[in-house]
Amino acid sequence: MVLYDSTALAGNSSGSSSSSSSKPPPPPLQPQQQQEIDGLLAGAGYKVRSSELRKVAQRLERLETAMVNSPADFSQLASDTIHYNPSDLASWVDSLLSEFAQPPTCPSEFVMDPVTNQTVVNDAWTTTEPNMPQVHQNISYEQQSLNNQLTVVTAMEEDSGIRLVHMLMTCAECIQRGDFPLATSFLEDMQGLLTRVNTVCGIGKVAGHFIDALGRRIFQGIGGGSINGGSAYENEILYHHFYEACPYLKFAHFTANQAILEAFDGHDCVHVVDFNLMHGLQWPALIQALALRPGGPPLLRLTGIGPPSPDGRDSLREIGLRLAELARSVNVRFAFRGVAASRLEDVKPWMLEVNPKESVAVNSIMQLHRLLGSEPNRNSPVETVLSWIRSLNPKIMTVVEQEANHNQPGFLDRFTEALHYYSTMFDSLEACTVQPDKALAEIYIQREITNVVSCEGSARVERHEPLARWRTRLSGAGFRPLHLGSNAYKQASMLLTLFSAEGYSVEENDGCLTLGWHSRPLIAASAWQALSDAPAEFPAPDTHRPS
Amino acid sequence: MALNHHLSCYRQDHHETVGENKEKRPKFFINDHADILIEILKRLDGRSLCIAASVCRLWCNIARSDSIWENMCFRHVSPPPSVRSVVLALGGYKRLYMGCVRPVRSRLGRARRASWARDEVQLSLSLFCVDYYERLGGSNSNGRLVGESLPSSLMFLCKPVNV
């Protein structure tokens, strides 16, 4: 192995990196990176740093693909391009690649610009309209090269999409191993690759979010940074738009309402405890259904739990007033109580003021997973909360959770699962045409992704677990499952048919309902009843109603 | 001569009958019987009802009255008696039909089964109620991220079906 003088190395590499234009400025050279040059290649006359071998190999592959796809440019390369010293293989490959990847000047409007600012909605197609007349003038002259360049772009896009996924997985694996410098270099490469991929839809968009999240993990650490500090007000707005853009929350609300309605049949004094009130969008439909039930409406009490609102606004009370007004319009006796708590585990049962004579329903839409810790069943908050729920003796507890395994201890497994899950979810969101709901819904999902990928410990609250594990956990905590029934299934199917996309599917899973996209379940709804401790003299009432 | 006489007699008779027509109303004129008119208009479909509304002022007033739309909503189902007060409180039958029932029926058109009629209505009522609730929120300054477009849970019904 021949070692070159390290100062000459430094001089060489800094010279080449300042002249290559396609890469972003590299991070300051750390001492470990001034390693020896690979000896075998040096024997053949090429100077490549050992740490860069992998990168250079990947880029050579890319160059080869690009050359194969556009033979017309090859001759141009041979005559026109200024080549760098080929013995410095890394920068030579970079310069050639930048020749190929040069976005063509005319059809830049055809290639969608990456959406960099997520909160601004840019419809790429409408922005192309004013440019169209100019393009047409040039087309007749440059038709040939245009077609060739478009082919290159398309081929490179597909290729880039697959490469992005591979690089994401490799980067995650580096992070799991603790190899942060290599992970950082992958991150840069991915960011570079992202500029050549369509990030308005498809794999490019999802990859962009995951790259962001990985970047946060590497550079900001696992404490969560500012993402979880998003104000409760912002969260409510995003939640509302997520509700409008896709059917997951509507499915959750309607299915839970149907189960609660059936459980409350024949009871005159009912109390619903909502673990996350938000804008209270679930409850109008229940109030209306209770108003129209045969036998007349019961007295309905609703206790809504939510985060405390800053600056003096009492948002819980405002929502309660709105619901009360609606209940008054439809002649349902209604009482509301708000419980402000920043974490669900801070709520104590006495705060809910449950009257022993009333029938209680507990409603948890995507809240229970926040109580899970990393250690299974070790005095985690979920055990405490489940036991006090049981002490309320609820007629029914409706639980809706994301159907995914995002609470695995190993980072790479979690990352892989999340990549698949959120890709499917973004696919389903493509069908939504309503703006700005769609853009804001994406931000809502992006926050989940960031939490799953870049946080650890108490900062990571999105600890989704699949239905099978919830079943075990809830059965172990003294609950028995209630079948959701055919009315709920019918309603869910009808609700889905109303949505414009034809990819959604409702499935029944042993008494629970799942909503998914193209047979991948994404959200699961189930209903439970507390087992009584004493041996029952009378059998528990069966709330499954045949249709 | 006799022909002329006959003709003039005929004309006279004719004039008399025409005169009668001018002075007396025909025996049956639909606008005199609003209750029958309502029964007929109640059975029209939405499009025909809108066309009927442009016939004359009486028809227009009737077509705009909420009771006609009640039939449109509950055509194949017999609703429970308490529905009327609920629907009127939430915005009326016409709004229920135009906002919920019609899009729900047309969207479910292909996949519809006869047994779903009651469930369609129930689903429409639920969606209608959520919409009313959101409209309540719009009047308060709850604040929106985007100034004008209120998020409405019925927006997804307004957009054309994208197959």
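**Ground rules.** I worked with a predicted model, in which local features need pLDDT of at least 70 and side-chain atom pairs count only at pLDDT 80 or more, while totals for chains, interfaces and linings use all residues. Residues are numbered from 1 along each chain as its sequence is written, chains are lettered from A and ligands numbered from 1 in the order in which they are written, and side-chain values use heavy atoms, with hydrogens and water left out.

**Aromatic pairs.** I searched the whole structure and found 11 aromatic pairs over all chains, where rings of Phe, Tyr and Trp (its six-membered ring) pair if their centres lie within 6.5 Å, and planes under 30 degrees apart count as stacked, over 60 as edge-to-face and the rest as tilted. I looked up Phe210(A) and Phe415(A), whose ring centres are 5.5 Å apart with planes at 85 degrees, so this pair is edge-to-face. Phe210(A) sits in helix H9 (residues 203–220) of chain A and Phe415(A) in helix H15 (residues 411–430) of chain A, so the pair ties together parts 205 residues apart in sequence; helices here are DSSP runs (H or I, at least four residues) and strands are runs of E (at least two), numbered from the N terminus. Phe210(A) is buried at a relative accessible area of 0%, and Phe415(A) is buried at 1%, where buried means under 20%, exposed over 50% and partly exposed in between (1.4 Å probe, protein chains only).

I then checked Phe275(A) and Trp388(A), with ring centres 6.1 Å apart and planes at 65 degrees, so that pair is edge-to-face. Phe275(A) lies in the loop between strand S1 (269–274) and helix H12 (283–291) of chain A, and Trp388(A) lies in helix H14 (residues 381–391) of chain A, 113 residues apart. Phe275(A) is buried, with a relative accessible area of 3%, and Trp388(A) is buried, with 8%.

I also noted that ring pairs join Tyr239(A), Phe242(A), Tyr248(A), Tyr444(A), Tyr504(A) and Trp517(A) into a cluster.

**Nonpolar cores.** I asked which residues touch the most other members of the largest nonpolar core, which has 137 residues, and they are Phe210(A), Leu214(A) and Tyr248(A); such a core is a set of buried Ala, Val, Leu, Ile, Met, Phe, Trp, Tyr and Cys residues joined through side-chain atoms within 4.5 Å. Beyond its neighbours within four places in sequence, Phe210(A) has contacts that include Leu168(A), Phe415(A), Tyr422(A) and Val453(A), a contact being heavy atoms within 4.5 Å. A second, separate core of 28 residues includes Met351(A), Leu371(A), Trp470(A) and Leu474(A).

**A buried asparagine.** I found Asn451(A) in helix H16 (residues 437–454) of chain A, buried with a relative accessible area of 2%. Its side chain reaches the backbone oxygen of Ala459(A) at 3.1 Å.

I recorded nine helices and zero strands for chain B, and 36% of its 163 residues are buried. Chain B averages a pLDDT (the predictor's confidence in each residue, from 0 to 100) of 73, with 64% of the residues scoring at least 70. Over residues 139–151 of chain B pLDDT stays under 50. For the complex, the predictor gives an ipTM of 0.70 and a pTM of 0.70.

Methods: A polar contact is a pair of N or O atoms within 3.5 Å; within protein, one must be able to donate a hydrogen and the other to accept it, and residues adjacent in sequence count only if both atoms are side-chain atoms.
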